[in-house]
Amino acid sequence: MMHRVRVAPDHRHFLRDEKPFFLMADTAWSAFTNPTLEEWEEYLALRKKQGFNTLLINVLPQWDRGLAKGERACPWVTADDVEWRLADIPESYFDHACRVLDKMMEYDMTPVLVLLWGNYTNGTFFDTLWGHSPIARDGVEEYVTYVARRFAGYAPLYFVSGDTTFTDQSVDDYYRPALHALKAADPEALASLHICGDDANTPEVIERCIPQRLLYDELLDFYTYQSGHFDHLERRCRDCAKAFAGIRVKKPIFNAEPCYEGWDTPTGAHGRREMRRAAYISILSGASAGLGHGVQGVWQWYRPGDFFAPTHETKKRPLYHTSEPFFIRDALELPGSEDRSFAAQLVEKHGLYAMEPVEAFDSDYPDVYMAETPDQRGFMLYLPRNQKVLVKLDPDAYDLTEYLLKERVTVPVFLTPVEEGFVLEAVGKNSDFVLVGEKKE
């Protein structure tokens, strides 16, 4: 039996076994359909070694995963079907999913399971996309109740929605019934909404994007956003976190999808630098409960010879600027996974849970970020380049540690005391940096 993740009393972070718990999640949407159990165990061993403690998985088949020749995205839906029901899913599908989760338990990994990705509902932008396979509206509660009871022993968290734009129709027909059915079947399971929401950058926009009867439902336990995979990733990492922190009910904030490594944009593919920047900007802007990670090719579990429906079937690339993802073996060797998980390791090592943004610094550059714990016992300062910065804190009050992020090592802290605090001097290395301060006893 895995241990439940709970919301801390401050409503800013999570607890597991009554100890602070930072969700460091890799995106493995296709885990229930694509990998063999042997491949899955290899993957788990790698991600555990790299510092991940959580995995994001779609309960139903991921609409844009890698497909074998002749395989359908939703295998139990025939070409003339309009809607499906729980009875259409063979029991063997859930038996296999439990074997996948059993392996996760061996590696002490926490699952976050998606109940209804947008393509499995009506009333979202998926209505007009390839892969739209909606469940019958009157079958939502039966499906969710079954899933919640079947998987309760694995102590999962849930995303009720996936990649969703909300309408009143979708909320009333799918998402509120799903949320309430989930909590009736497994009251201890934490629930959130995985939203499209790239531009949910003010409290007012959030309240327009998500109907308030769902957003402020007392059964919703934490807020999730995705800053997205395209350009302007820094603005979205920052603004979406601050927006959710600014709505009237306070809950933990989780950026489930900062940019994915290897994801092509019109200006190039995201690499290690983007992995790091998105991580620290998110955490230091208010998404202090957890951080997601993804690699183009891993979440699709894409193999040589696979069919990639979003580009091969439609001949259009509205979401993808590449003809196909990396193959899974190549994708797992990309180096940004350890860069991103290192951010979580620093939070845990220095006890920097539930940090909130502060501006106790002065810099000539606009892209410096800083946050501190609510009790002001610790802070983290992110510097995107080799530069000086004025920190408006007493240097004698803190034990200071500086990290060279490109190499994930500590470097000597050079500072000059001044009346306002201290000037953190440039290190002389071509990298980004983090300065951590822990209040002396």
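Which residue in β16 is the bridge partner of Glu-356? I looked it up, and the partner is Glu-372.

Notes on the source: this is a predicted model, where local features need pLDDT of at least 70, side-chain atom pairs count only at pLDDT 80 or more, and totals for chains, interfaces and linings use all residues. Residues are numbered from 1 along each chain as its sequence is written, and side-chain values use heavy atoms, with hydrogens and water left out.

Strands first. I take strands (E, at least two residues) and helices (H or I, at least four) as DSSP runs numbered from the N terminus. Two strands pair if DSSP finds at least two bridges between them.

β14 (residues 356-357) pairs with β16 in the antiparallel sense, over two bridges. β16 also runs antiparallel to β17 (residues 378-383), with four bridges joining them. There I found Leu-381 of β17 as the bridge partner of Met-370. Five residues lie between β16 and β17 in their hairpin, and Gln-376 takes a positive phi near 60 degrees.

Next I checked the side chains of β16 (residues 369-372). Tyr-369 and Ala-371 point one way, Met-370 and Glu-372 the other, and all are buried (under 20% relative accessible area, 1.4 Å probe, protein chains only). In a regular strand, side chains alternate between the two faces of the sheet.

Then the helix. I see 11 of the 15 residues of α11 buried, among them Asp-339, Arg-340 and His-350. After α11 comes Gly-351, with a positive phi near 65 degrees.

Key:
Buried < 20%, exposed > 50% of the residue type's maximum accessible area, 1.4 Å probe, protein only.
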